[in-house]
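Please find below a colleague's note on the model. It is set out as numbered points for reading beside the coordinates.

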Amino acid sequence: MTKLIAGTRGSSLARKQTQRVVESLQKVWPDLKIEIRVIKTRGDRLQNIPLVQIGGKGLFTKELENSLINREIDFAVHSLKDLPIEQPTGVTIGAYLPRDRPNDVLVSKGKLSLDAIPRHGIIATGSLRRKFQLRHYRRDLCIVDIRGNIETRLRKLQESDWHGLILAYAALKRLEKIDLIGEVIPQKMMYPAVGQGTVAVECRDEIAMRGMFSRINHHESALCARAERAFLKGVGGGCQIPLGVISTVQGEQLTLSGVYMPKEDRIVQDCAVGTTSFPEGVGQDLARKISGKVKLG
């Protein structure tokens, strides 16, 4: 195979992530030619509606997956946290790139920390997970919704009376904007989304394609991703469910610590420990524990 077509969304972040995959492939196959094709998703078109109101699965991925199935592209690059648990028949995740720091961050005027934001300060986020955890930490804050790519969100912050907004550290790092960060929020204060910080490559579920992308797969990132996605699936949620998780690998031991917020004023926490030989089992165990507590409550 001498040429491939990569599918990506059109934002600067999506293009940067796709370029990372291209460079990884070309390190293994220097003569490989890769064309990058931009595909607009439903989520890209509906920029003025809060994510929780749009609903549906595959908001940022369905069009890319359809192009894969129709052989218009050979692989698609995603932020793993946007990728639904259930994939179409004939499509699989071929590789996970090395995970960047999964923390959320506060970008604020004056580079203030979360504790330094004035009482009743205004913080923007489009995520229920972030909103509920922010409210748990500081009930006085006013949380407003925001949509758009990173550049749009940063512009809205400067043009508004907001004090700050919450973004993913990985996104700002990839866009070379970490100098804007007021605080890297500790994971125990704001549990990251499932897969946050990880770039995933979807390809057709074919022997040749799986073999090719296995060459750029990062083993530890894949273990964490598989466990975290099993946790999300076990709880029965999609990308917008208010759920967070922290995963760590030490030798052959995999530990997951998770939170689920069935409503704004309730956070359910637990952890599970297992072996790296079966990461899905660790995620399923955590899902059972969390779900059991939710039912008891």
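The points below cover the basis of the model, a sheet with its helices, a helix pair, a nonpolar core and a hairpin.

1. The model is predicted: local features need pLDDT of at least 70, side-chain atom pairs count only at pLDDT 80 or more, and totals for chains, interfaces and linings use all residues. Residues are numbered from 1 along each chain as its sequence is written, and side-chain values use heavy atoms, with hydrogens and water left out.

2. Five strands form an open sheet in the order β7-β6-β8-β5-β9, with mixed pairing. Helices (H or I, at least four residues) and strands (E, at least two) are DSSP runs numbered from the N terminus, and two strands pair if DSSP finds at least two bridges between them. The edge strands, β7 (142-144) and β9 (181-184), each pair on one side only. β6 (residues 122-124) pairs with β7 in the parallel sense over three bridges, and alanine 124 stands opposite valine 144 in β7.

3. Helix α5 (residues 128-137) packs on this sheet and touches β5 (104-108), β6, β7 and β8 (164-168). Its direction makes about 125° with that of β8, where angles run from 0 to 180 degrees between N-to-C directions and axes are lines fitted to C-alpha atoms, for helices over the stretch in contact. Helix α6 (residues 150-159) lies across β5 and β8, running at about 165° to β8.

4. Helices α9 (residues 219-235) and α10 (residues 279-296) pack at an angle of about 35°, with their axes 7 Å apart. Residues in contact (heavy atoms within 4.5 Å) include Leu223, Ala227 and Phe231 of α9 and Gly283, Leu286 and Ala287 of α10.

5. Which residues touch the most other members of the largest nonpolar core? Of its 20 residues, these are Phe231, Val235, Leu243, Leu256 and Leu286. Such a core is a set of buried Ala, Val, Leu, Ile, Met, Phe, Trp, Tyr and Cys residues joined through side-chain atoms within 4.5 Å; buried means under 20% relative accessible area, with a 1.4 Å probe and protein chains only. α9 gives the most to this core, with five residues. Leaving aside neighbours within four places in sequence, valine 235 is in contact with Ile241, Leu243, Tyr260, Ala287 and Ser291.

6. β12 and β13 form a hairpin with two residues between them. The two strands run antiparallel and are joined by nine bridges; glycine 258 stands opposite aspartate 270 in β13.

Technical notes. Buried < 20%, exposed > 50% of the residue type's maximum accessible area, 1.4 Å probe, protein only.
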